[in-house]
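Thanks for making time this morning. Have the sequence and the model open, and follow along as I go.

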Amino acid sequence: MQEVITTDMLCIGAGLAGERVAIETAKAGFNTICLSLVPARRSHSAAAQGGMQAALGNCAMGEGDNPDVHFADTVKGSDWGCDQEVARLFCETAPIAIRQLAHWGVPWNRVEPGEDGYFQGGKKYSKTEKSENAGLITARNFGGTAKWRTCYTSDGTGHTMLFTMDNKATQAGIDIHDRCEAVALLHDGTRCFGAVARCMRTGRLRIYYAKAVLIASGGFGRIYRESTNAVICTGGGQAICLDTGIVQLGNMEAIQFHPTGVVPGNILVTEGCRGDGGVLLDVDKKRFMHIYEPAKAELASRDVVSRRMTEHIRAGKGVPSPYGEHLWLDIGHLGAKHINTRLREVEEICTNFLGVDPITQLIPVRPTQHYSMGGVRTDKHGKAYGLKGLFAAGEAACWDMHGFNRLGGNSLAETVVAGMIVGQSCVRFLKGESACFDTGIANEQCRNVQQRIHTLVAGNGREKAFSLRNEMQDVMMEGVGIFRNELGLSNAYTRLEELHARAASLKLASNGCGANAELSLALQLRGLIRLALCVTKGALERTESRGSHAREDYPERNDRDWLVRTLSRWDVDNDHPCLDYEPASRVWEIPPGDRGYGGGTVISTDSTNKKEASE
Amino acid sequence: MNRNLYFNILRYDPEQPDIEPYMQSYLLKETERMTLFIALNRLREEQDASLKFDFCCRAGICGACAMVINGRPGLACHTQTKDLPAIINLLPLPFFKLIGDLSVDTGIWFREMNRQVESWIHTKEVFDPQASEQRMDNSTAEQIYELERCIECGCCLAACGTARMREDFLGAAGLNRIGRFLLDPRDQRNEQDFFQLIGSDRGIFGCMGLLACEDVCPKHLPLQDQLGFIRRKMGLRALHNLFKR
Ligand SMILES: Cc1cc2nc3c(=O)[nH]c(=O)nc-3n(C[C@H](O)[C@H](O)[C@H](O)COP(=O)(O)OP(=O)(O)OC[C@H]3O[C@@H](n4cnc5c(N)ncnc54)[C@H](O)[C@@H]3O)c2cc1C
Ligand code: SF4
Ligand code: SF4
Ligand code: FES
C-alpha cells in the first residue's frame, strides 16, 4: 500500500513563493509540508541574478521613487494587460517584503556615500550618494523602470534570497519533502484536498491529504528548446491543475523572451549587465538599440529589446556562428573590478561555459525563452479559479501583476510579496476549515496514476518520451516564438495535436524503477504538450500584439477587442483546450495609453472601426 | 574534436540490491563545446534510458550535478569534455547516500546540517513593517555574500579526509556556514553559542587542515581562510572555557 501523509497545508513547490507561503501558515501554527523535485535550495529561484524591485528610493538615481512610480512602470510594462488592483497591492507591499528579508538575513548591497561613476549606453556619468543614506539598501538600473529600483546582492540575488528563506523555513519547522513530484490533485469537483505524489528516490506513490493546497511550482519554460530555465521547469503544477478539468490557467500565450541568453547553452546573463551599462553590438561591433529605441535604448523592456534584436538579425546584422546567428553583449568597459564583484556570476558563466573573458571579449547572446507570465489563474487573494482550498503563487500563478510582459526584478518581488499576501489568505482559509478527506477519490486517483505507470512499463505503446518532448520543443521554437503569425501558429497547433495523440501510446525503454528520469518525463509529457497547446491556441486566437505577444499579422495593440485575459481549461477526456475571456482588470487606475517605448500603434478602447483606427 | 569519448560510469540501484555495483562503458562522439551535461543527457536519451544522474540549473548555480570526474569532485554541468582525456570515468560523490548511479542525496544531508548549526539569524529584535531597514556597511554585506555563495554541492565533503572517517563531521560547508553567521552583525549569538555548535571533533577540531576542500570548491569560496579564522576563534574560546572552570 502507498504511504499516506496528512497535513494542514501542502505547498507544491519549495522555491521562494512556496516557502514564503509555507512560513506564513507555519507561523500561524498550521502543519505545513512543501514538496519539491529537488532540494529546496536548488529550486530555480536560486538562479536569479539581477535583483528584486522595491520602491525604496534610497540611492541617488532612485530618489523620489515610491510605490506610485513602481505601479506606473509595472502597468506600462504589462502593456495594460495586468490586474491593476493586484499591481497596486504588490507595489505597496514590496518595500515591506524586502525589509523583512533584510531582517531575516539577506545581505543586500547597501548605499556607499560619495561620488561614483556609472555607465549608460556606453558613456560614463557620475552620481553622488548622500551620506544620510549610507548603509540603506541600494538599487541598480533595470529595463522599463523610471528609477533605479532593483535591489540586489551582487549578482546572486535569487541565491541569497532563497537561502535566507530556506533558513527561515528550517527555523519554522517546515517539512520539505524533496525529490517528490506531485502528479495529480485530489478534489471532488468543488474542493481540493491534497495530491498524489511520486517519490523520486524510490518511485513509490504517496497520498498527501491537506486542508489547503498551494501551487508554487514555478514556470514551464521547458516546453521550449531554448530556455534559460532549469531543466525541472516543466510546468507540473499547472498541468495537474489543467487535469482537473475545472481549474483555469490565465494568459498562457504571454511568454517572455530574455534578450541575453548566451549562445550556445542558453544560460542567462543578467539584465544587470545592461542595467549597469553594458551595450548590445551587432556584426559590425556597432550599437543599434538606440536607433530603434532612442529614449530607452538597451533599457527598454525585455519584450521590446528581444524583438529589436530579432529584427536587427533579420536585417542581416547578426553574427554567424555554428549555432545560428547571434549578437554581442559588451560589458568590458565596466572594468575588471565591477565585473569581478557585482557581475561575478556573469564572469563565471562566460569563462566556464563559453571560454570567453567578458573583461576583454564580447559575449555572444540572443533572445531566449525566459519567463511564463501565464499560469494558474487566481483572484487577488491567490485563490485559484474553480476549486475551493486551492491557491497559487509565484511564477506558477497568474495572480497577474505582470500582464503581457514582466519587468526584470518584478518576479523575485512577486514571489515574496505574493507569499505574504497569499500566505495570509491561506491562513484565513485554514482557520475556517475542518478536514474532509474523501479516501475513495484519493485511492482511485492513486490507482489511475499506478495504472498509467504500469502501461508505460508493460504496455504496448510505441512512442519514446524523449523524442516526443524534443519534437514538441522544436515546434514551439519554430511556430510560437518571439514573432508569431497565423500560419506559423496554426501549423504549430496541428503538429502539437498530433503529438498529444501520440503521447497516449508511450513506452519506456528502461524498466522505470526507482529514481527513473525517463518515467518522470513520460508522466509529465501529456501535461507539457497540453500546456503547449494552451499557449499556442491562446496566441492563435489573440489577433493583436501586446507585450511579449507579438503578431506580425496584427502589429497593433487592440484595446477595443483584446483588453482581456485569456482563460484556458481542459475538459476531462477532451483533446483540446477551451478558451474563455475576462476583463484584464476590474479597476483602471491608469487607463490604457502609450508605453513610451516599443513603438507600435494602439487601437483604443473607444474606436469603433478597426480598419480606420489602424491606418 | 570529433574524438570518440569512452565513458565509464558506476551503475547501482539501491532499489535493486541484488545487482552488485559495476562499471558500464559507453561510447559517444564528441561535439563542439560539449559539456558533461550535454554528454550525459545524450547517453540517456540515445543509449540508456535507465541512467540516473542529477542536473537542475545546468548553469553552475544550483549545485545539483556534483560527481567525481576522473577522480576529482566537480560540477558536471560546467565541465567541458575538451578539457578531459578521451576516457572519462564518472563516479557518484562519496560520503552522501546513493540514490542510484551518479545521483546522491545531498539534500537530506545539507538540510540536517542547516538544522544542526541553526543556520538562521538569531535575534531578539522583532520585525517592524513600518520602520526603515537597519543600516549595514556595504563592505560587511559583501563579505557576508562572499561566504553565502556556497551552493551546497557537496564537493568539499567528498574530498575531505575527515568526512570519510566521521559521518557526523560538519565539513568545510558547515563550518563556512558558521563563519557566515559569525560575521553577520544581525546575528546576536556570541562566540560561546557557536562554540557549543562546533567546538568539538565533529566541528572545527576534526578538521586536519589539508585543504582538499578549497581545491575542489567550484565556487572558489575562501574555505582555507574561513577554517583558519574559525579555528583561531574557537581555539581561544576553548582556552577561555578552560580557565573559567
Ligand atoms: C536565469 C534566470 C534569472 C532570473 N533572474 C531574475 C531576476 O534577476 N529578478 C527577478 O525578479 N526574477 C528573475 N528570474 C525569475 C525568477 O527567478 C523566477 O520567476 C522565480 O524565482 C520563481 O520562483 P517560484 O518560487 O515561483 O518558483 P521556483 O523557484 O521555480 O520553484 C518551483 C518549485 O516547485 C517545485 N516543483 C515543480 N514542479 C513540481 C511538482 N510537480 N511537484 C512538486 N514540486 C514541484 C520545484 O522543485 C521548486 O521547488 C530569473 C529567472 C531565470 C530563469
Ligand atoms: S581542510 Fe578540513 S574540512 Fe577541508 S578537506 Fe581538510 S579536513 Fe576537510
Ligand atoms: S563550500 Fe564549496 S564545495 Fe563545499 S558545498 Fe559549498 S560550494 Fe560546494
Ligand atoms: S546543474 Fe546546477 S550546478 Fe550543475
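Ligand 1 has 39 residues around it, and the closest are Ser43(A), His44(A), Ser45(A), Glu395(A) and Ser411(A). Keep in mind that this is a predicted model.

What is the make-up of the shell around ligand 1 by class? There are 16 nonpolar residues, 20 polar ones and three charged ones. Four elements of chain A each supply at least two residues of that shell: α1 (16-27), β8 (180-187), β15 (363-372) and α11 (410-431). The most comes from α11(A), with four residues.

For Gly409(A), a backbone N or O atom lies 3.3 Å from a ligand 1 oxygen. For Gly15(A), the corresponding distance is 3.5 Å. How much of ligand 1 does the protein bury? Taken alone, ligand 1 exposes 1,000 Å², and the protein buries 98% of that.

On to chain B, and ligand 2. Its surroundings include Cys160(B), Thr162(B), Cys207(B), Met208(B) and Cys213(B). By class, that shell has nine nonpolar residues, two polar and no charged.

Next, ligand 3. Among the residues around it are Phe110(B), Cys150(B), Glu152(B), Cys153(B), Cys155(B), Cys156(B) and Cys217(B). Here the shell has ten nonpolar residues, one polar and one charged.

Let's move to the nonpolar cores. The largest has 106 residues. Which of its members touch the most others? They are Ile331(A), Ile363(A), Phe7(B), Ile9(B), Leu40(B) and Leu90(B). Helix α6 of chain B, residues 171-183, gives the most to this core, with six residues. Look at Ile331(A) in more detail. Leaving out residues up to four places away in sequence, Ile331(A) touches Cys273(A), Gly278(A), Ile339(A), Leu343(A), Val346(A), Pro358(A) and Ile363(A). There is also a second, separate core of 80 residues, including Ile5(A), Cys241(A), Ala397(A) and Ala532(A).

Now pick out Gln100(A). You'll find Gln100(A) in helix α3 of chain A, residues 84-104. Is Gln100(A) buried or exposed? Its relative accessibility is 7%, so Gln100(A) counts as buried. Beyond neighbours within four places in sequence, Gln100(A) is in contact with Arg20(A), Lys27(A), Met420(A) and Phe127(B). With Arg20(A) there is a polar contact, side chain to side chain, at 2.9 Å.

Last topic: backbone geometry. Most residues other than glycine have a negative phi, and most peptide bonds are trans.

Start with Pro264(A). The peptide bond from Val263(A) to Pro264(A) is cis, with omega near -5°. Pro264(A) sits in the loop between β12 (255-262) and α6 (272-275) of chain A.

Then Arg179(A). Its phi is positive, about 50°, although Arg179(A) is not a glycine. Arg179(A) is in the loop between β7 (175-177) and β8 of chain A. With a relative accessible area of 10%, Arg179(A) is buried.

Finally, Lys285(A). Phi is near 60° here, a positive value in a residue other than glycine. Lys285(A) lies in the loop between β13 (279-281) and α7 (289-292) of chain A. Buried or exposed? At 52% relative accessibility, Lys285(A) counts as exposed.

Methods
Residues numbered from 1 in each chain as written. Chains lettered and ligands numbered in written order. Predicted model: local features only at pLDDT ≥ 70, side-chain atom pairs only at ≥ 80, totals over all residues. Heavy atoms only, no water. Near = heavy atom within 4 Å. Nonpolar A, V, L, I, M, F, W, Y, C, P; charged D, E, K, R; others polar. Polar contact = N/O pair within 3.5 Å; in protein donor to acceptor, adjacent residues only side chain to side chain. Areas by Shrake-Rupley, 256 points an atom, 1.4 Å probe, with all protein chains shown as cover. Core = buried A, V, L, I, M, F, W, Y, C linked by side-chain atoms within 4.5 Å. Buried < 20%, exposed > 50% of the residue type's maximum accessible area, 1.4 Å probe, protein only. Contact = heavy atoms within 4.5 Å.
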